[in-house]
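How do the helices of this chain pack together, and what lies between them? The report below takes up these points in turn.

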Amino acid sequence: MISQEQSAELVRLYSLFHGAIDPTEPAVLKAEEEFHALLRALHNTHAADLPFHEFRRYAVRQCKLSLRKN
């Protein structure tokens with residue numbers, strides 16, 4: 001199970017690059033890179049039997065839902 005801290009970090013990183021005005025800004029690119037690295041690590045640890053694209057789609061949806069709530 002993914003911890004609340006890991007979920008919160010995914011949402012934080014996603015919000016930094018997804019809503020960025022300038023997607024080429026170094027901080028934005030770094031946040032996107034860190035998001036994908038964390039997503040890969042979580043997939044390998046918690047859902048290796050699930051295709052990565054399905055895991056990514058679910059995680060991104062959860063990030064969007066979390067950002068909508070807040």
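## Model

This is a predicted model.

## Helix 2 against helix 3

Helix 2 spans residues 26–46, and helix 3 spans residues 52–69. Their axes come within 10 Å and cross at roughly 120°. An angle from 65 to 115 degrees would count as roughly perpendicular, and one over 145 as roughly antiparallel. Helix 2 and helix 3 are therefore oblique to each other. The crossing is right-handed.

Helix 2 makes the contact through Phe35, His36, Leu39, Arg40, Leu42 and His43. Helix 3 contributes Phe52, Phe55, Arg56, Ala59, Val60 and Cys63. By class, eight of the contact residues are nonpolar, two are polar and two are charged.

## The largest nonpolar core

The largest nonpolar core has 16 residues. Leu10, Tyr14, Phe35, Leu39 and Cys63 have the most contacts inside it. Helix 1 (4–18), helix 2 and helix 3 each give two or more residues to this core. Helix 2 gives the most, with six.

Phe35 is one of the residues with the most contacts in this core. Beyond its neighbours within four places in sequence, Phe35 touches Leu10, Leu13, Tyr14, Phe17, Val60 and Cys63.

## Histidine 43

Is histidine 43 buried or exposed? Its relative accessibility is 8%, so histidine 43 counts as buried; the cut-off is under 20%. This residue sits in helix 2. Leaving aside neighbours within four places in sequence, histidine 43 is in contact with Ala48, Leu50, Pro51, Phe52 and Phe55.

Conventions
Residues are numbered from 1 along each chain as its sequence is written. This is a predicted model: local features need pLDDT of at least 70, side-chain atom pairs count only at pLDDT 80 or more; totals for chains, interfaces and linings use all residues. Side-chain values use heavy atoms; hydrogens and water are left out. Axes are lines fitted to C-alpha atoms, for helices over the stretch in contact, and angles run from 0 to 180 degrees between N-to-C directions. Helices (H or I, at least four residues) and strands (E, at least two) are DSSP runs, numbered from the N terminus. Angles under 35 degrees count as roughly parallel, over 145 as roughly antiparallel, 65 to 115 as roughly perpendicular and the rest as oblique. A crossing is left-handed if the near helix is turned anticlockwise from the far one by less than a right angle, and right-handed if clockwise. Contact means heavy atoms within 4.5 Å. Ala, Val, Leu, Ile, Met, Phe, Trp, Tyr, Cys and Pro count as nonpolar, Asp, Glu, Lys and Arg as charged, and the others, Gly among them, as polar. A nonpolar core is a set of buried Ala, Val, Leu, Ile, Met, Phe, Trp, Tyr and Cys residues joined through side-chain atoms within 4.5 Å. Buried means under 20% relative accessible area, exposed over 50%, partly exposed in between (1.4 Å probe, protein chains only).
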